[in-house]
There are 2 protein chains.
Amino acid sequence: MVGQIRSFNRTVTQRVGALSDAFLGRDRPLGPARLLWEIGPDSSEVRSLRTRLDLDSGYLSRLLRSLTDEGLVDLRPSRADGRVRTAYLTSRGRAERAELDRRADDVARSILRPLSDRQRARLVTAMAEVERLLVASAVQVGVCDPGHPHARFCEQAYFAELAQRFDTGFEPAHSHTASTGELTPPAGLLLVATLHGEPAGCGALRFHGDGPGELKRMWVAPDLRGLGLGRRLLTELEAQAAANGVRTLRLETNRSLAEAVSMYRAAGYREVDPFSDEPYAHHWFEKTLGPDSASGSMVDPP
Amino acid sequence: MVGQIRSFNRTVTQRVGALSDAFLGRDRPLGPARLLWEIGPDSSEVRSLRTRLDLDSGYLSRLLRSLTDEGLVDLRPSRADGRVRTAYLTSRGRAERAELDRRADDVARSILRPLSDRQRARLVTAMAEVERLLVASAVQVGVCDPGHPHARFCEQAYFAELAQRFDTGFEPAHSHTASTGELTPPAGLLLVATLHGEPAGCGALRFHGDGPGELKRMWVAPDLRGLGLGRRLLTELEAQAAANGVRTLRLETNRSLAEAVSMYRAAGYREVDPFSDEPYAHHWFEKTLGPDSASGSMVDPP
DNA sequence: CTGATTCTCTGACTATAGTCAGAGAATGGA
DNA sequence: TCCATTCTCTGACTATAGTCAGAGAATCAG
């Protein structure tokens, strides 16, 4: 498997390298070209460019200068915050960016051209599959303090989604939601998944002494569903629970969350009688953790 | 489709970029690291390194110097040709290269680690498919003079393969093989396929005035079979024939070449009575070229 | 044997892609 | 209000990745 991945990398970088060359070849070096592209069709704040391209502030400043000197970019202070500056593409800048776009399209087309229709379809399908799985593999899962911005973001998104999907709406105050302290060791823990530093999902555990542990707050960002991330979070939560001496895991969920319900079933949870009076719950599940739950962690090492 | 390819490129370069970083991070810049790698486990001629890595001779010379200064490489004149020098890895060089290898393996493993077994299998399968098709798409097909080294290489390989596969062996002198002049316009033409500048296959046409054109010398390098290259050569030959006013194409072939025979059938060739006394032929095929044969060229533009 | 060519190397440049320290303006929190 | 922080910019460097012209040795083709 490792050999196949390395061979893939070799082949793909050769072929895909041509795409960077297309960005080049336009008298402009790669740095300014990438920047011009990243500013986007309209504008971007300089600080966001800095984080997105991971550039030194001095270097970025100079790159922007070279673009403004060429008349491709306008740099204006942000209204809201006088420290922040926003880069706007001028009409010449937009034309230049469109040209880069066109060139990249040409390279992509030149990859398809020599292939038969059937081969093209297969290539595109396989590329989509590789991409999906590489994204899935780029997601990192780790324990996170509930006070961390990522954790707060996930909580907000989770509640908002419940409010939208439950027939009855959702009001956190009416539910047995876990408080911050309850998701911090030793009372519990929170896992947050991130993709390129952005929050992508979460899942939490509450420990109840010798009694069954409780799964809470399983959520995956909508645009990352179908990548097996929910299952990965679940597996990792089970491993963490087992590592904390939990023998049985429980959870309660709402009938509107159909994918979640079927994921729990597929993962070996069996429906049990209500063990709580959570008003928003329709299903109560339970699973006895086996000996393998403690191993097979899919969490990235630190 | 173009959008999918570009999106794929974006995702893959991010993830695959990590592989170059693995080559880096070892206190050594990418240039020397790639060179150390490319020398291979044992040795390489400097001139072959130059073409393989596409480096300026002065630049390469300096890179090699830095490696010899570090005691990783030995540079010795070639026995056969005093101008050529050969780069040998010292034992320290081999150790260093093994370390690079290990790091690249680690990166590959880190891509697999977060995935489930099923996802891993799917990723590796899809990567193999993408790679196969990218290789297929990287093959270039073009008209070639029969005297060109690529053409000669293909001719040799073709005859050698016939000799090996025919029950009776193969002796060019006993066969109606086409001479150089017969494969040059206006008497005929030769297409040669190349991959990264190496010959990868061929196919030829002979024109017979208003009579049927003749397909000759269809051959694909063994390690590139199954990529649709034979079909691509055939399609292109038909287009060239049609462009030269040919209405009907004929060919003769040997029963040992089973894949070829079924390719001809699949491409619309029907078996006809022998139209020649070619001693090595068992099957004679013919196809009337339709109006679409002249279009849909899969040849790369110059 | 000779002239053209091939191969490698050196010297002398240039371009690209950064890094680092610190200054100055704007902002936010106590 | 004041102090710490954020954001951008400038100046002064460094490292990497080349490019180009030409010299000298070896080889090849006629």
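1. By class, the surface near DNA strand D is made of 10 charged, 7 nonpolar and 6 polar residues. The model is a predicted one, and this surface is a total over residues of whatever confidence, since totals for linings use all residues. In all, 23 residues surround DNA strand D. The closest are A:Val46, A:Gly58, B:Gly31, B:Gly58 and B:Gly82.

2. Which elements supply at least two residues each of the surface near DNA strand D? They are H3 and H4 of chain A, together with H2 and H4 of chain B. H4(A) gives the most, with 6 residues.

3. DNA strand C is likewise surrounded by 23 residues. Here the closest are A:Gly31, A:Gly58, A:Gly82, B:Val46 and B:Gly58. Two or more residues come from each of H2 and H4 of chain A, and from each of helix H3 (46-53) and helix H4 (57-69) of chain B. H4(B) gives the most to the surface near DNA strand C, with 6 residues. The classes near DNA strand C are 7 nonpolar, 6 polar and 10 charged.

4. Within chain A, helix H3 (residues 46-53) packs against helix H4 (residues 57-69) at an angle of about 115°, and their axes are 10 Å apart. The crossing of H3(A) and H4(A) is right-handed. On the H3(A) side the contact is made by A:Val46, A:Leu49 and A:Arg50, and on the H4(A) side by A:Ser57, A:Leu60 and A:Leu64. By class, the residues of this contact are 4 nonpolar, 1 polar and 1 charged. A:Val46 of this contact is also listed among the closest residues to DNA strand D.

5. A:Leu30 belongs to helix H2 (residues 30-39) of chain A. Is A:Leu30 buried or exposed? A:Leu30 counts as exposed because it has 11 C-beta neighbours inside 10 Å, and the cut-off for exposed is 12 or fewer. A:Ser110 lies 80 residues from A:Leu30 along the chain, and the C-alpha atoms of the two are separated by 21 Å.

6. The contact between the chains takes 46 residues from chain A and 47 residues from chain B. On the chain B side, at least two residues each come from helix H1 (2-23), helix H5 (91-112), helix H6 (117-138) and helix H8 (229-243). H6(B) gives the most to that side, with 17 residues. The chain B residues that touch chain A divide into 26 nonpolar, 9 polar and 12 charged.

7. One sheet of chain B is open and has 3 strands in the order E1-E3-E2, with antiparallel pairing. Strand E1 (43-45) and strand E2 (73-77) each have a single partner strand, so one side of each is left without a neighbour in the sheet. On average, neighbouring strands of this sheet are turned by 20° against each other, direction ignored. E2(B) pairs with strand E3 (residues 85-89) of chain B in the antiparallel sense over 5 bridges. In E3(B), B:Thr86 stands opposite B:Arg76.

8. Two helices lie across strands of this three-stranded sheet. Helix H2 (residues 30-39) of chain B lies across E1, E2 and E3 of chain B and runs at about 100° to E1(B). H4(B) lies across E2 and E3 of chain B, at about 120° to E2(B). H4(B) is also the element that gives the most to the surface near DNA strand C.

9. A second open sheet in chain B has 7 strands in the order E4-E5-E6-E7-E8-E10-E9, and its pairing is mixed. Strand E4 (140-143) and strand E9 (270-272) are the edge strands, each pairing on one side only. Neighbouring strands are turned by 30° against each other on average, direction ignored.

10. Strand E7 (residues 213-220) and strand E8 (residues 248-253) of chain B pair in the parallel sense over 2 bridges. The bridge partner of B:Glu214 in E8(B) is B:Arg250. H8(B) packs on the sheet and touches E4, strand E5 (188-195), strand E6 (198-206), E7 and E8 of chain B, with its direction at about 35° to that of E6(B). Helix H9 (residues 258-266) of chain B also packs on the sheet, touching E7, E8 and strand E10 (283-288) of chain B. The direction of H9 makes about 160° with that of E8(B).

Note on methods
Residues numbered from 1 in each chain as written. Chains lettered and ligands numbered in written order. Predicted model: local features only at pLDDT ≥ 70, side-chain atom pairs only at ≥ 80, totals over all residues. Axes fitted to C-alpha atoms, helices over the stretch in contact; angles between N-to-C directions. Helix = DSSP H or I, 4+ residues; strand = E, 2+ residues; numbered from the N terminus. Left-handed = near helix turned anticlockwise from the far one by under 90°. Contact = placed C-beta atoms within 7 Å. Nonpolar A, V, L, I, M, F, W, Y, C, P; charged D, E, K, R; others polar. Buried ≥ 20, exposed ≤ 12 C-beta atoms within 10 Å, placed from the backbone. Near = placed C-beta within 6 Å. Pairing = 2+ DSSP bridges.
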